Amino acid sequence: MIDNLRATVTGPVLQPGDPGYTEELHTYNLTVVHTPSVVVGAASAADVQAAVRYAAATELPVAVLGAGHGSSVSSDGSVLITTRRLTGLTIDENARTARVEAGVRWADFIEQAGKFGLAGLNGSSPTVTVVSYTLGGGLGPFGRKHGYAADHVTALEVVTADGELRRVTADTEPDLFWALRGGKGNFGVVVAIEFDLFPIRTFYGGGIFFPGELAPQVLHLFREWTADLPEEMSASVGLLHLPPLPFVPEPLRGRLVAHLRITYLGDPADGERLIAPFRALGEPIIDAVSELPYAAIASVHSDPIDPLPLYEHGALLHSLPAEAVDEFLRLAGPEAVSPLVLAEIRHMGGALSRPPTVPNAVGNRDDTLFTVFLVAAGGPPDASALHGYEQRLIDALSPWSTGRRYLNFLFGGNDATVESAALAWTPADYPRLREIKRRYDPANLFRINHNIPPAVLSD
């Protein structure tokens, strides 16, 4: 049967021991080692169809690998489909829309869209694939003004468990359209999406790096400052424990810094006025906030682009009182002995709290005013200690937690359970997702993910 698959697929079909097998499984997060039974390097939607049909016939689960930022669930024994060869990207300047295939990364999209003075709702990292990010919601630096990336998807091309390629819209298959936008990889392999763009040629933004000793002042000001911000302003503050390595700018090497990140979609003079209280705190190490082209959006967060071994955790908060900031600082601030590379608090609200014009499955909007995102780096021997440290910080913030999760901030370990994944959707939406899963994937072929199990008739 594997020979038939090889004869059908244009891209490579590899098994353990084959030349190129390990290279095909390259991933951003090096803590995850993929060992599928078969890896299919899809070069077309037809290749994806063939791989899904092979998986169904051999009763193997399907896994999907794009850039590998969100890789957190073992693909052992699966048919793994890599999407990096699906690089089609079309922008309609007049309609302000884009069609993007599953292998396109945000860096490529930003470069192309910026030529037309248009923008998508990308995230902080330019190396994440557009499709995977968007299916998980898509929380980005323009979110408070425009909402989640998933809110602006108009069509998806998806291979479902029966091996069929479907073009899914609100009119053709409304339930599947609803579920795919926020359900990530649970309902099929999305090979392309179409979405609306925004006329954003420039924005006022960037980052200000403060010395670690100013972190308490920065975070407490951030807490007070966010209480009355216009929706045009999106902001976060991160505590960065930066290594003394060449890729880190020299003034930041080997030290703790507080990094304010902002984007303002309004008059730059108003943006400058809004952030003036931070500039009054003291001399920054680097102040890189100015009017910038959309093409420079990745500089706001300056996420690392090279693969790293990362352990991540997150939480959603309904409020951020002074006591919460104090707990955050106790475990991640200048007086803490912290293994974290990043501890971030991101302001939510605005359009992120409102339902989209066309409803979707992105959950937990109503009472989320902040997210917390933690990142630690280390090898497998460090995993238990790093997870434990992150969990202690999340537990310390539990009085202000909603108890829910954001899907794109779910990772491995305890996050990979069905019970933990269920927290990414509202209790009202989760049964509907399980029923749609039963209709489109009753055998749970797409389960190498943060899984939604199909409903059973006895439920």
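Which residue stands opposite V40 in β4? It is I81.

Before I go on, a word on what we are looking at. This is a predicted model, in which local features need pLDDT of at least 70 and side-chain atom pairs count only at pLDDT 80 or more, while totals for chains, interfaces and linings use all residues. Residues are numbered from 1 along each chain as its sequence is written, and side-chain values use heavy atoms, with hydrogens and water left out.

I start with the sheet around that pair. Strands here are DSSP runs of E with at least two residues, helices are runs of H or I with at least four, and both are numbered from the N terminus. Two strands pair if DSSP finds at least two bridges between them. The sheet is open, has four strands in the order β1-β2-β4-β3, and its pairing is mixed. At the edges stand β1 (13-14) and β3 (62-65), each with a single partner strand, so one side of each has no neighbour in the sheet.

Going across the sheet, β1 pairs with β2 (residues 38-41) in the antiparallel sense, over two bridges. L14 has V39 in β2 as its bridge partner. Next, β2 and β4 run parallel and are joined by four bridges. β3 and β4 also run parallel, joined by four bridges, and there V62 stands opposite V79 in β4.

Both faces of β4 are covered, with V79 and I81 buried on one side and L80 and T82 buried on the other. Buried means under 20% relative accessible area, exposed over 50%, and partly exposed in between, using a 1.4 Å probe and protein chains only. Helix α3 (residues 45-58) lies across β2, β3 and β4 (79-82), at about 170° to β4. For that angle, axes are lines fitted to C-alpha atoms, for helices over the stretch in contact, and angles run from 0 to 180 degrees between N-to-C directions.

V104 sits in the loop between β6 (97-101) and α4 (106-114), and it is buried, at 4% relative accessible area. Contact means heavy atoms within 4.5 Å. Leaving aside neighbours within four places in sequence, V104 has contacts that include L86, F109 and V130. V104 and L86 are 18 residues apart in sequence and 7.0 Å apart in space, C-alpha to C-alpha.

Now helix α7. Eight of the ten residues of α7 (residues 174-183) are buried, so this helix is largely enclosed by the rest of the structure. Among the buried ones are F177, W178 and R181. Their cover includes α5 (130-135), β7 (153-159), β8 (165-168), β9 (189-196) and α13 (430-440). Just after α7, K184 takes a positive phi of about 55°.

Last, the cavities. On a 1 Å grid over the protein atoms alone, a cavity is a set of points where a 1.4 Å probe fits but cannot get out, and lining residues have an atom within 4 Å of a point. Points are joined across faces, edges and corners, and a volume is the space filled by probe spheres set on them. There are four cavities of 30 Å³ or more.

The largest cavity holds about 100 Å³ of space. Its lining has 16 residues, with G140, P141, S234, A235 and R346 nearest the centre.

The second largest cavity holds about 50 Å³. Its lining includes W106, H152 and D196. α5 and β9 are the elements that give two or more residues to this lining, and the largest share, three residues, comes from β9.

Key. On a 1 Å grid over the protein atoms alone, a cavity is a set of points where a 1.4 Å probe fits but cannot get out, and a pocket is an open set with protein on both sides within 12 Å along at least five of seven lines; lining residues have an atom within 4 Å of a point.
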